[in-house]
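Take a moment with the sequence and the fold. The paragraphs below walk through them step by step.

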Amino acid sequence: MKPMEETVRLAESIKEGDPVSSTPVQGKALLNVGVAGAGRMGSFHASHLAKYIAGARLYALADQKPEVREALTRDLALDPSRVFERWEDMLALEGLDAVVVTVPTRSHGAVVLEAAARGKAIFSEKPLCLTVAETREVLGVVEKKGVPLQIGFMRRFDPGYAAAKQQIE
């Protein structure tokens with residue numbers, strides 16, 4: 001199977017399968033996650049948080065485009081009081097535990113800095129920043145604040161990329 005076909009098959013199996021329960025693990029609180037930026041990847045992450053991720057829920061969303069906010073609020077049954085135009089307002093929301101950063105690349109560093117300053121766990125799409133200097137600054141703040149940070153690089157699991165890596169090694 002070609003890599004793109006495998007990706008499509010996986011996405012379709014997720015859509016067709018039973019949603020994973022959002023019931024928290026016994027003794028642990030449900031993780032309240034906000035999505036900053038609801039373009040292609042942000043909408044994908046928001047949908048999965050709303051429907052398929054056990055122990056976490058889509059708690060808030062921020063996007064500059066009103067039509068995107070309206071559609072996702074409706075389609076994902078979001079509380080409109082937790083849907084924002086500005087990611088800064090979302091990060092200030094009481095009860096927010098974590099953030100998925102899918103704003104345009106030039107703004108990744110700013111969102112991660114603010115999220116770290118507020119003690120939020122962070123998942124950011126790649127790249128973290130556009131320069132090495134900014135990346136070092138952001139990583140320094142994240143380390144100092146002691147918050148979890150993960151950079152999304154889903155292609156490492158793509159069969160074509162995995163095969164290329166094996167050939168290189």
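How many helices and strands make up the secondary structure of the protein chain? The secondary structure comes to 7 helices and 6 strands. Helices (H or I, at least four residues) and strands (E, at least two) are DSSP runs, numbered from the N terminus. Along the sequence, the protein chain follows the pattern α-β-α-β-α-β-α-β-α-β-α-β-α.

This is a predicted model: local features need pLDDT of at least 70, side-chain atom pairs count only at pLDDT 80 or more, and totals for chains, interfaces and linings use all residues. Residues are numbered from 1 along each chain as its sequence is written, and side-chain values use heavy atoms, with hydrogens and water left out.

Confidence comes next. pLDDT is the predictor's confidence in each residue, from 0 to 100. Its mean over the protein chain is 86. Of the residues, 83% reach 70 or more. Residues 6–26 are another matter: pLDDT stays under 50 there. For that stretch the model has 26 contacts beyond four places in sequence. Contact means heavy atoms within 4.5 Å.

Now the chain as a whole. Of its 169 residues, 34% count as buried. Buried means under 20% relative accessible area, exposed over 50%, and partly exposed in between (1.4 Å probe, protein chains only). Among contacts with a separation of 6 or more, 63% are between residues 24 or more positions apart.

Turn to a pair of charged residues. Aspartate 63 sits in the loop between strand S2 (56–62) and H3. Arginine 69 is found in helix H3 itself, which covers residues 66–75. Is arginine 69 buried or exposed? Arginine 69 is buried, yet has no salt bridge. A salt bridge is a side-chain nitrogen of Lys or Arg within 4 Å of a carboxyl oxygen of Asp or Glu. For charge, Lys and Arg count as positive and Asp and Glu as negative; His and the chain ends are not counted. The nearest side chain of opposite charge to arginine 69 is glutamate 85, 4.7 Å away.

Aspartate 63 is also buried without a salt bridge. Its nearest side chain of opposite charge is arginine 69, at 5.6 Å. A polar atom of the arginine 69 side chain lies 2.6 Å from the backbone oxygen of aspartate 63. A polar atom of the aspartate 63 side chain lies 2.6 Å from the backbone nitrogen of alanine 38. Leaving aside neighbours within four places in sequence, arginine 69 is in contact with Leu61, Asp63, Gln64, Val83, Phe84 and Glu85. With the neighbours within four places left out, the contacts of aspartate 63 include Gly37, Ala38 and Gly39.

Salt bridges do form elsewhere. The count comes to 6. One of them joins aspartate 75 to arginine 74, with the closest N and O atoms 3.1 Å apart. Arginine 74 counts as exposed because its relative accessibility is 59%. Glutamate 169 pairs with lysine 165, and here the closest N and O atoms are 2.6 Å apart. Glutamate 169 has 69% relative accessibility, so it counts as exposed. Aspartate 89 and arginine 86 meet in a salt bridge at 3.2 Å, N to O. Arginine 86 has a relative accessible area of 42%, so it is partly exposed. Salt bridges that share partners join Arg86, Glu88 and Asp89 into one network.

Some backbone details deserve a look. Most residues other than glycine have a negative phi, and most peptide bonds are trans. Alanine 77 has a positive phi of about 55° although it is not a glycine. Alanine 77 lies in the loop between H3 and strand S3 (83–84). With 70% relative accessibility, alanine 77 counts as exposed. The peptide bond from lysine 126 to proline 127 is cis, with omega near -15°. Proline 127 lies in the loop between strand S5 (121–125) and H6.

Helix H6 itself covers residues 132–145, 14 residues in number. From first C-alpha to last, H6 reaches 20 Å, close to the 20 Å expected at 1.5 Å a residue. That expected span is 1.5 Å times one less than the number of residues in the helix. Just after H6, glycine 146 takes a positive phi of about 70°.

Serine 107 is found between strand S4 (98–101) and helix H5 (108–117). Serine 107 is partly exposed, with a relative accessible area of 22%. Its C-alpha atom is separated by 9.1 Å from that of leucine 128, 21 residues apart along the chain.

Note on methods
A polar contact is a pair of N or O atoms within 3.5 Å; within protein, one must be able to donate a hydrogen and the other to accept it, and residues adjacent in sequence count only if both atoms are side-chain atoms.
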